Amino acid sequence: MSILSVSEANFSFELDVVIIGAGACGLCAGLAAHEAGAEVLILERDASALGTTAMSTGLIPGAGTSAQRAASITDSAVQFAQDICAKTNNRTDEKMALALAQESANTIEWLSNTYGVPLTLVDTFLYPGHSIMRMHGTPNRSGAELMGSLSNAIEREGVSILTNATVTNLFADDSGRVHGVRFQRPDQSIEDVGCRAIILACCGFAGNPKMLSQYIPEIEGGEFFGHPGNKGDAVLWGDSLGAAVADMSAYQGHAGLAKGFGIPILWPCIVEGGIQVNQQGKRFSNEARGYSEQAVDVLSQEGSVAWTFYDEQRHNLMLEFDDYNEAINAGAVRHGDSLQDICIQTKLPLDKLTQTLSDITGLVDSDADDEFGRSFKGKQPLCAPFYAVKVTGAIFHTQGGLRVDEHARVLREDGSALPNLYAGGGAARGISGPDASGYLAGNGLLTATTFGRLAGRAAVADIAK
Ligand SMILES: Cc1cc2nc3c(=O)[nH]c(=O)nc-3n(C[C@H](O)[C@H](O)[C@H](O)COP(=O)(O)OP(=O)(O)OC[C@H]3O[C@@H](n4cnc5c(N)ncnc54)[C@H](O)[C@@H]3O)c2cc1C
């Protein structure tokens with residue numbers, strides 16, 4: 001994954017913009033650059049355009065969208081940026097958070113109105129850290145559906161995409177200007193393509209165990225539930241070209257990966273009053289503060305597992321999600337008509353679980369937080385029938401990466417922009433601060449879609465200068 005001298009290149013053809021990676025970021029960048037009049041090629045290592053995006057729930061936040069207005073929800077970019085910054089304990093770039101929040105509604109409208117992505121407002125629950133309902137998703141709340149819709153748009157618009165094409169090298173001169181790329185086909189043949197601008201949309205380094213252990217050792221024991229093709233190429237190339245990196249220890253963790261099934265059990269059941277208990281039937285943290293930071297707490301329990309525990313009311317809420325229905329069909333979700341029954345199903349100790357439930361029931365009418373700082377005020381107490389899923393902690397994708405400006409131009413340490421290099425999504429530094437706790441739900445696809453759109457536009461505008 002090295003940088004080669006331009007003199008070594010043998011370009012078979014040349015175009016305006018080459019995009020590396022065909023997840024949400026790459027496809028949005030491709031659409032935006034094509035729309036701005038450029039000749040574009042997207043290169044993707046896999047046989048089809050899927051990436052982490054297709055594994056995701058596909059929820060994209062937008063503040064001030066028409067869907068929010070139709071639901072009489074008042075939101076603003078400032079409020080959204082405040083939520084982003086608060087989740088990181090003010091350890092992210094405030095200006096960048098605001099810039100992305102300001103563009104978030106434009107991205108939702110652009111995807112929906114220009115490219116027919118069927119996004120609706122998720123109005124059934126609030127993810128931890130969001131003060132207002134602003135998540136937008138496809139009908140089945142699925143990243144695969146989102147990718148299908150984006151791929152259809154790419155095809156309709158005639159944007160060129162080449163799959164089974166792993167980019168192995170960039171060709172650059174001493175100024176850091178990239179003149180083209182080399183990619184390899186599954187039969188090991190190689191081809192060089194020239195370009196005037198390059199967009200790195202090849203996500204982060206969660207699929208590179210060496211980089212993970214270098215930058216995020218705390219999650220090494222966790223399962224990796226992300227895209228294995230994301231090997232940190234953007235960071236490696238950027239670094240060789242003199243780009244700055246930041247927040248390399250940041251990541252999206254998840255404390256609800258169904259153990260042995262590899263299906264994420266999402267957080268609505270927790271935020272609406274469900275809990276996580278260890279194998280002794282005891283809670284061990286404030287699970288409602290966020291699924292990302294809870295991952296290491298689950299991993300520190302006996303067997304590196306916990307039980308996500310809830311009842312019929314929360315179960316019904318979860319049925320909105322494709323992932324959850326898949327978990328039910330796969331047999332990951334245990335059901336018990338009574339507490340005794342669910343304890344037989346899960347081998348959780350009845351006396352301890354009874355005590356745990358009694359402790360939280362005592363808090364629903366109280367202003368007091370529990371010993372972990374969680375409030376249960378106003379939540380309906382958990383009652384039979386009960387549901388439980390054995391889960392473990394996982395890493396989904398990394399959130400640190402190449403430092404970029406608000407147009408997704410990759411920056412050097414001194415703040416100057418590299419001549420023609422852009423990055424977005426998991427390839428760029430996110431807005432999640434320096435660790436897992438700063439990940440606000442939606443940060444992944446906000447930066448993938450919005451930076452993708454902005455990178456495509458900026459690349460074409462800069463070429464024209
Ligand atoms: C289970 C799960 C649920 C999630 N839910 C949400 C959610 O609801 N909302 C949200 O905001 N975020 C969510 N995320 C995070 C979100 O999916 C990611 O932040 C986002 O998809 C990243 O998009 P991307 O385009 O940067 O990367 P990707 O979608 O991973 O695309 C990168 C592409 O680059 C390709 N590639 C890599 N290297 C090369 C190379 N050298 N040459 C050619 N191609 C290359 C890869 O094969 C891949 O297809 C979730 C993640 C997971 C795992």
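1. Gly253 has Ile395 of strand E18 as its bridge partner. This is a predicted model.

2. Strand E16 (residues 305-311) is antiparallel to E18, with seven bridges. Within that pairing, Thr308 stands opposite Val389. Strand E17 (residues 334-336) is antiparallel to E18 as well, over three bridges. There, Arg334 faces Ala388 as its opposite residue.

3. How many of the 13 residues of E18 are buried? The count is 13 of 13 for this strand, which spans residues 386-398, so E18 is largely enclosed by the rest of the structure. Burial here means 20 or more other C-beta atoms within 10 Å of a residue's own.

4. Now the nonpolar core. The largest one holds 149 residues, and Val17 and Tyr422 touch the most other members. Helix H15 (residues 443-464) gives the most to this core: nine residues. Domain 1 (3-220 + 229-249 + 399-464) and domain 2 (251-395) each supply at least three residues to this core. In soluble globular proteins, nonpolar side chains tend to be buried together.

5. Which residues does Tyr422 touch, leaving out those up to four places away in sequence? They are Ala197, Ile199, Leu200, Ala408, Arg409, Val410, Ala455, Ala458 and Ala459.

Technical notes
Residues numbered from 1 in each chain as written. Predicted model: local features only at pLDDT ≥ 70, side-chain atom pairs only at ≥ 80, totals over all residues. Buried ≥ 20, exposed ≤ 12 C-beta atoms within 10 Å, placed from the backbone. Helix = DSSP H or I, 4+ residues; strand = E, 2+ residues; numbered from the N terminus. Pairing = 2+ DSSP bridges. Core = buried A, V, L, I, M, F, W, Y, C linked by C-beta atoms within 7 Å. Domains from an automatic or database assignment. Contact = placed C-beta atoms within 7 Å.
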